[in-house]
Amino acid sequence: MVGMDHKPASAEVHDPATSARNARIGLMLFAVYLSLYGGFVGVNAFAPQRMEQIVWGGLNVAVLYGFALILSAFVLSLVYGWLVRNPVGGGSRDGKGAGQ
Amino acid sequence: MIYDPNWGALAVFAVIVGFTLAFSFYLGSRARSASGFFAAGGGIHWFVNGVAFAGDYLSAASFLGICGMIAFYGYDGFLYSIGYLAGWIVALLVVAEPLKRMGRYTFADALNSQFQSRGINLAVALSTLAVSIFYLIPQMVGAGVLVKPLFGLPQWVGVVMVGAVVILIVVTAGMVSTTYVQFLKGSLLVVFTAVLVVLILQRGFTEVDPNDPTVRPLQPQTLTKTADGRKLIDGELQGKREGEHDFRTIGHVLDLPGEEKSTGPLGPLEFFSVLQNSEVILWKAGAEQVDENGDRTIVYTPQPTPGNEILRPGNYPSFKGIRSDRFLDKLNFVSLMLALFCGTASLPHILIRYYTVKDQASARKSTIVGIASIGFFYILTLYLGLGAMTSGAMDVTDTNMAAPLLARSFSPSLFAIVSAIAFTTVLGTVSGLIIAASGAVVHDLMASYFQIDMHEHNKVRVAKIASVGIGAVAIVLGILFAEMNVNYLVGWAFSVAASANLPALVMLLFWKGTTKQGITAAVLVGMVSSLGWILLSGDTYKAVYHLDPADAIVPFSQPGIVTIPLGFLTLIVVSLMTKSGRADRSESAEALVASN
């Protein structure tokens, strides 16, 4: 079974350029999510009556916005995983190539 | 309510839990080194680790607490689902890869990777212990909840059972078995929650007859605890025998849209639109009244509530303030949501899971798998809670029982399976927490702070002894806090974790001016201030000290909005005051790079 042997992890060589690129992309996507989440919290706290409004398919803002936040977290995580899949300067995927 | 044991359900429960334990012991026999005990040798596959993240994270709070909160108060419980999931974005996009790069066994390793400071080890070890114990309390309370309907035993027996079994798991195994228990349990939890939701949608909603003499859905219920220790329900002795009385189950739809009495199967979106236009009977527990004989009485009152009020925020007592004009009440809500957002990436038992995979790419990929599994589960919680609310099977006295009782409303077998999964949920989470706490004791406190020279074998042995002690503390606290909603208790753990750990971690990653003194001070100030705030809050006054919450010293109950910024501020001020510490950092960093 994969992962059952539990041998010591191989020492990973740190590539500052790749780490910096990943951090930059991570922070950009984080800012996107933070604005979505901040908007949700703000509306709940300071305009809760807006959460009751029916907007689509008989669903109110509270249910739709809540589901959208959960789904957008998943979508953003996939986007991040795709954008940082290769190390800076080329090489194979997942840190097995140049610079890693 | 009084629960009769169901032997068939017990057998199914015993098989699932027994298999989990046997699996755990088998794997545990293969982990002998400290690396194996604390971090599974860094050899867990990223997919397994991702699902194990879900197993670790979807604790009693998520399964029992959120479901119960939604079942009794509506949408508000779902706010926790949203906050818990949002925290994973911080974990993935900000913390995961650097943490994997910097650490080895514990969270302190990461914070200390560039300083080698004993002060950081001490501060982080204390915060890890504080957060782990805070997080352990609701898990143990949840364990007691599960045992009540399944075995017909008192809650404290369940707490002791879980405590004993978990101590056994951790002492015989360590991180490898904990990981696979969590993988197993995370998978089962998500799959069977989905099964439950399909059944909820298939069942749809059915109106209750308000004049049904058995259900009596609109009649209040009273619980009297007499001074001589008896329990009376509606004035009669509680029991199942002739002349005795027990609580009626609750959770009914009073009115559906149009003339129909039952909807039949509903689609996933139709479920909400129908509920939105229905009327459901919620229940409210009144304040405890004490008469001249010393008898204490609580009256539970039915509250017919329109569906559109159920599907909006602001019904849960602690969230009612968002509908008031009082700014501090709104701030209390924002503070909780901030703590949930920041807390995930600060929980020690979650952070140590990044050391069980081999590299940063695996850390990233396992987090994405975790977000997918956890996000899917949290979407289901809204269906689960609302399904429980309308199942006619709830216990009016206990919000935490909603999910197991919902399962029992479908079939005893499903109830047994769901209870067993929930029980393994508690086992998995508690195991992870105890490993994180024992790691803090052995690795951060004894080996690093007190600089006690220990061989690998001794480290594991001392960690196991520490696990027994931490488990015992958890058992006692689980019994003491038995009556609180487990989800609410976890909210506190998130506040402490976010206040103590996140400022130090984020500033270390993004500010070159961070010094070891700054980190130590930020962790200590964040931990002490958040703990102090909670202990002096209105909610604690009411639920723990049984005092008037209006007398509380702090202006609102959730500390995050004050104590998280305070942690950041402390770190910046202390780092600026101890600028020479930067030299330590750069030298250490160079040494670290050179050693690679």
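I began with pLDDT, the predictor's confidence in each residue, from 0 to 100. I noted that this is a predicted model, in which local features need pLDDT of at least 70, side-chain atom pairs count only at pLDDT 80 or more, and totals for chains, interfaces and linings use all residues. Residues are numbered from 1 along each chain as its sequence is written, and chains are lettered from A and ligands numbered from 1 in the order in which they are written.

**Confidence**

I looked up chain B and found a mean pLDDT of 83, with 91% of its residues at 70 or more. Where pLDDT is low, the predicted coordinates should not be read in detail.

**Helix packing**

I next examined helix α12 (residues 327-343) and helix α22 (residues 560-577) of chain B, whose axes come within 8 Å and cross at roughly 50°. Axes are lines fitted to C-alpha atoms, for helices over the stretch in contact, and angles run from 0 to 180 degrees between N-to-C directions. The angle makes α12(B) oblique to α22(B); angles under 35 degrees count as roughly parallel, over 145 as roughly antiparallel, 65 to 115 as roughly perpendicular and the rest as oblique. On the α22(B) side, I listed G560(B), I561(B) and I564(B) in the contact.

Technical notes. Helix = DSSP H or I, 4+ residues; strand = E, 2+ residues; numbered from the N terminus. Contact = placed C-beta atoms within 7 Å.
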